[in-house]
Amino acid sequence: AVRKKTLEYDDVMNKQRSIVYELRGRVLNGDQKSVHDLILDVMNDLVMTQAERYLFDAKDGQLIDFMNWLGVTFPITVTEDEIRPLMGTPELAGELVMKKVVEAYETKCSGEDPATLPYMERGVFLQVIDREWQDYLRAMDDLRTGVNLRAYGQRDPLIEYKKEAFDMFETLMTTIKSKVVSAEFRCATAARLQAHFNMMAARTNAGAFDGAADEDRQQSTAID
């Protein structure tokens with residue numbers, strides 16, 4: 001009985017591991033275009049999921065929460081007036097947002113060193129997956145230890161484990177997607193950083209520096 005329980009615990013982790021490893025394999029082994037398209041797919045998944053979450057109903061939707069989420073996730077400009085008429089039709093709202101997200105990301109990529117960009121996109125994605133997966137493994141070890149104590153409360157620890165493991169895995173995948181999006185928008189190739197430095201160094205007087213303050217703030221948001 002103990003061996004069977006152990007195998008069932010392991011089966012949960014193996015299924016989750018296969019999903020994460022499949023995603024990692026697509027990033028690691030995919031060509032330049034497929035990795036770039038995968039990043040755009042991740043962005044689309046996030047936008048559509050949040051649009052469904054916040055804009056599901058024309059009357060009971062949460063427009064402010066959706067706008068706040070957009071503001072901290074993507075460097076794009078979308079107004080409430082643009083989204084409000086689409087309340088209750090989250091797929092249309094998502095399409096509007098994604099058009100701006102794709103435009104912003106492609107513009108960002110066009111300013112990068114084209115020889116280095118594929119390695120940066122791939123490396124950033126892999127770094128997020130690896131870091132979050134390692135943290136997740138530790139959390140799952142803690143969960144497995146904790147649920148065994150629940151047997152004393154007349155609850156089946158395996159059922160508890162499967163339920164919480166499912167919820168935790170959903171959170172893991174959402175976290176990976178969110179952090180990939182943030183990191184891909186914020187990172188920069190050496191060539192773009194050098195170009196930004198050269199632009200800053202070319203300003204030799206206080207007037208030019210003060211006059212460009214707004215521009216600097218916008219660019220620093222993109223490369224921080």
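The lining of the second largest pocket divides into five nonpolar, one polar and four charged residues. Here Ala, Val, Leu, Ile, Met, Phe, Trp, Tyr, Cys and Pro count as nonpolar, Asp, Glu, Lys and Arg as charged, and the others, Gly among them, as polar. The model is predicted: local features need pLDDT of at least 70, side-chain atom pairs count only at pLDDT 80 or more, and totals for chains, interfaces and linings use all residues. Residues are numbered from 1 along each chain as its sequence is written, and side-chain values use heavy atoms, with hydrogens and water left out.

The lining consists of Asp11, Val12, Lys15, Gln16, Ile19, Lys162, Ala165, Phe166, Phe169 and Glu170. The pocket holds about 170 Å³ of space. A pocket is an open set of points on a 1 Å grid over the protein atoms alone, where a 1.4 Å probe fits, with protein on both sides within 12 Å along at least five of seven lines; lining residues have an atom within 4 Å of a point. Its volume is the space filled by probe spheres set on the points.

Helices (H or I, at least four residues) are DSSP runs, numbered from the N terminus. Helix α2 (residues 32-54) packs against helix α3 (residues 63-73) at about 160°, with the axes 9 Å apart. Axes are lines fitted to C-alpha atoms over the stretch in contact, and angles run from 0 to 180 degrees between N-to-C directions. The pair is therefore roughly antiparallel (angles over 145 degrees). Their crossing is right-handed (the near helix is turned clockwise from the far one by less than a right angle). Leu46, Val47, Gln50, Ala51 and Tyr54 of α2 meet Leu63, Asp65, Phe66 and Trp69 of α3. Contact means heavy atoms within 4.5 Å. Seven of these residues are nonpolar, one is polar and one is charged.

Helix α2 also packs with α7, at about 120° and with axes 10 Å apart. From α2, the contact includes Ile39, Val42, Met43, Asp45 and Leu46.

Terms used
Helices (H or I, at least four residues) and strands (E, at least two) are DSSP runs, numbered from the N terminus. Angles under 35 degrees count as roughly parallel, over 145 as roughly antiparallel, 65 to 115 as roughly perpendicular and the rest as oblique.
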